Amino acid sequence: MSQISISHRSPYKLSRGHKMVRRTFLKKTIKLFFFVVSSISISVFFLFSYPWKIRKKELTFFYVTDEDMLPVKGVRQVSIEYSRYSRPMRTKAYIVNTGSELFALSPVCSHLGCLVNWNWPRKRFLCPCHGGQYDITGNVIKGPPPAPLSRLPMKIDKEKVYIGLRV
Ligand code: FES
């Protein structure tokens, strides 16, 4: 008569070798999961933080004044007129001559984007919004602005002065 042996081991119980394989598989799966999640997060972050609109815009030079109207020493405000989406736009910029350097400054405050004004008596740019102050070269003297005023591209061609904007 043949004997039937009944194993008391559960069919679902894994041997030591199988446990190691399962643990390794789980570790790899978790690592892969976090790798995929972090890759997607980083991609989304760069996708939304990359200023596409700014990057796509071409640098265009606009006539602002004649060369003989440049400040001998000091600051002169100039207007820049252009059109965006067929609408006429106007902004301003400052041309600065320190005596040793001639350059154009953006009037956009580096704090929250208000437009600064040149104050002749105090010889500094003042921001009307939160009291930011910049010296004649655009460096921050006082207040919350985290960075200097931006310099704008400027060129002189045939005695005419042009400032470049990305519009
Ligand atoms: S926007 Fe100029 S100081 Fe805040």
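Me: Okay, two strands pair if DSSP finds at least two bridges between them. With that in hand, which residue in strand 3 is the bridge partner of Ser83?

Reply: Keep in mind that this is a predicted model. In general, strands of a sheet pair through backbone hydrogen bonds, either parallel or antiparallel. Here, Ser83 has Pro88 of strand 3 as its bridge partner. Zoom out, and strand 2 (residues 74-84) runs antiparallel to strand 3 (residues 87-97), with 11 bridges between them.

Me: In the hairpin of strand 2 and strand 3, which residue takes a positive phi?

Reply: Tyr85, with phi near 50°, in a hairpin that has two residues between its strands.

Me: How many bridges join strand 3 to strand 4?

Reply: Four, again in the antiparallel sense, with strand 4 covering residues 102-105. One to look up is Tyr94, whose bridge partner in strand 4 is Leu105. The hairpin of strand 3 and strand 4 has four residues between the strands, and there Gly99 takes the positive phi, near 100°.

Me: What is the order of the strands in the open sheet of four?

Reply: Read it as 5-6-7-8, with antiparallel pairing. Strand 5 (117-119) and strand 8 (140-142) are the edges: each has a single partner strand, so one side of each lacks a neighbour in the sheet.

Me: Which residue in strand 6 does Asn119 stand opposite?

Reply: Arg124. Strand 5 and strand 6 (residues 124-126) pair antiparallel over three bridges. For the side chains, the general idea is that they alternate between the two faces of the sheet in a regular strand.

Key:
Residues numbered from 1 in each chain as written. Predicted model: local features only at pLDDT ≥ 70, side-chain atom pairs only at ≥ 80, totals over all residues.
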